[in-house]
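Please find my notes on this model below, as numbered points.

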Amino acid sequence: MHELPETELIQKAQQGHPLAFRYLVERHQKMTYTLAYRFLNNADDAKDIVQEAFIRIWKNLDQYKPEVKFSTWLYKITTNLCLDRIKSKHHQQQKNQVSEDFKIASSTTPEKILEQEELAAFVHHAAQTLTPKQQAVFILSDLQGLSMNEIEESLGMSKGNIKSNLYYARLAMQEKIKNIFFTPSTITS
Amino acid sequence: MNCKKAEQHIILYSELSIAEKTQVDIHLENCVACQRMFTTLQQRQSIFNNIQSWNAAIKDPVAFTDQIMEALPKKSVQAEKKRNTFSALFNWTPLQTGLVACSLILFFTFGGEFSRHAPNPQLQPPIKNGIVLSINLQDLIQAKRERAARISLADIIRKNQSLALSKK
């Protein structure tokens with residue numbers, strides 16, 4: 001069953017086969033976890049979101065429309081859950097903590113953060129200072145590599161709205177990147 | 001295209017249409033300042049693209065999958081099959097629903113007209129001045145018995161006649 005095409009796995013899962021659903025979870029949990037982690041920058045929160053997203057999928061499998069990619073549907077649910085979490089008061093407190101971390105990250109040397117892991121961590125921290133909409137558009141477009149149509153389906157926003165948010169998000173993010181990677185000391189060295 | 005417009009387009013360069021990209025490219029050929037800005041912004045943008053391949057590592061993926069599966073609300077395969085069969089039975093399109101409704105209306109309106117048996121006058125309710133009177137169940141049973149008796153008497157007469165003929 002593991003090698004079955006995704007559509008067949010979904011059909012079997014819709015009939016209530018837990019094993020088929022398990023294979024879907026195995027295929028998509030890494031991508032879903034990465035997406036949630038990019039939003040929340042916290043492993044436990046990201047795990048909570050992934051679990052909640054798959055529970056929602058399981059409960060609403062009969063509403064799945066085959067014309068939409070399963071991953072796009074999963075992106076949509078995960079993104080909405082992340083945005084809800086970000087908006088919650090609890091996460092607001094964590095965000096204040098993140099801005100402290102960001103100051104620490106800014107003080108590190110470029111050599112130290114050249115590692116992809118650290119670079120990702122830095123960008124994720126920096127993205128948390130954006131507005132939720134800007135953050136969602138920036139993560140889906142520039143960090144997850146989704147097309148404009150996929151973002152449109154995932155966020156339910158118009159292309160114009162997406163472009164506008166992406167414009168301001170990139171401006172802000174490039175400004176932060178400039179401070180780290182393009183300081184006068186790095187240019188002279 | 002002026003430099004301000006070009007700057008806006010440069011930031012969203014990857015999202016531009018071919019026509020828009022051509023316009024920007026033409027401007028860049030003639031504007032050194034915008035060209036420099038384009039190179040810088042593209043370099044910074046590449047940093048974001050570099051971490052597209054980065055995946056957050058789940059410490060124990062199998063255990064995490066188990067955790068997700070255990071958290072799922074239970075629904076048995078049998079119950080789901082029943083639910084699907086039921087929903088498939090009544091998951092009609094508006095056309096199907098209309099057809100079924102029309103069939104039912106026709107059946108209840110004209111159903112009696114299509115009866116194959118001729119009506120038995122003895123079993124019909126008594127009508128007086130066009131008004132249908134109530135039927136007494138005892139009368140109905142009695143009428144049935146009398147009819148059966150008449151049929152059997154006719155059979156006996158017919159048999160006797162055939163016997164007499166054979167003796168002759």
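1. In chain A, helix H2 (residues 18–40) packs against helix H3 (residues 43–59) at about 135 degrees, and their axes are 8 Å apart. Axes here are lines fitted to C-alpha atoms over the stretch in contact, with angles from 0 to 180 degrees between N-to-C directions. Helices are DSSP runs of H or I of at least four residues, strands runs of E of at least two, numbered from the N terminus.

2. The residues in this contact include Phe21(A), Tyr33(A) and Leu40(A) of H2(A), and Ile49(A), Phe54(A) and Trp58(A) of H3(A). Contact means C-beta atoms, placed from the backbone, within 7 Å. By class, the contact of H2(A) with H3(A) has 13 nonpolar, 2 polar and 1 charged residues. Ala, Val, Leu, Ile, Met, Phe, Trp, Tyr, Cys and Pro count as nonpolar, Asp, Glu, Lys and Arg as charged, and the others, Gly among them, as polar.

3. Between the chains, 37 residues of chain A meet 32 residues of chain B. On the chain A side, the elements giving two or more residues are H2, H3, H6 (116–127), H7 (132–143) and H9 (159–181). That side has 18 nonpolar, 10 polar and 9 charged residues.

4. Chain B has 7 helices and 2 strands, in the order α-α-α-α-α-α-β-β-α.

5. The model is predicted: local features need pLDDT of at least 70 and side-chain atom pairs 80 or more, while totals for chains, interfaces and linings use all residues. Residues are numbered from 1 along each chain as its sequence is written, and chains are lettered from A and ligands numbered from 1 in the order written.

Definitions and conventions. Contact = placed C-beta atoms within 7 Å.
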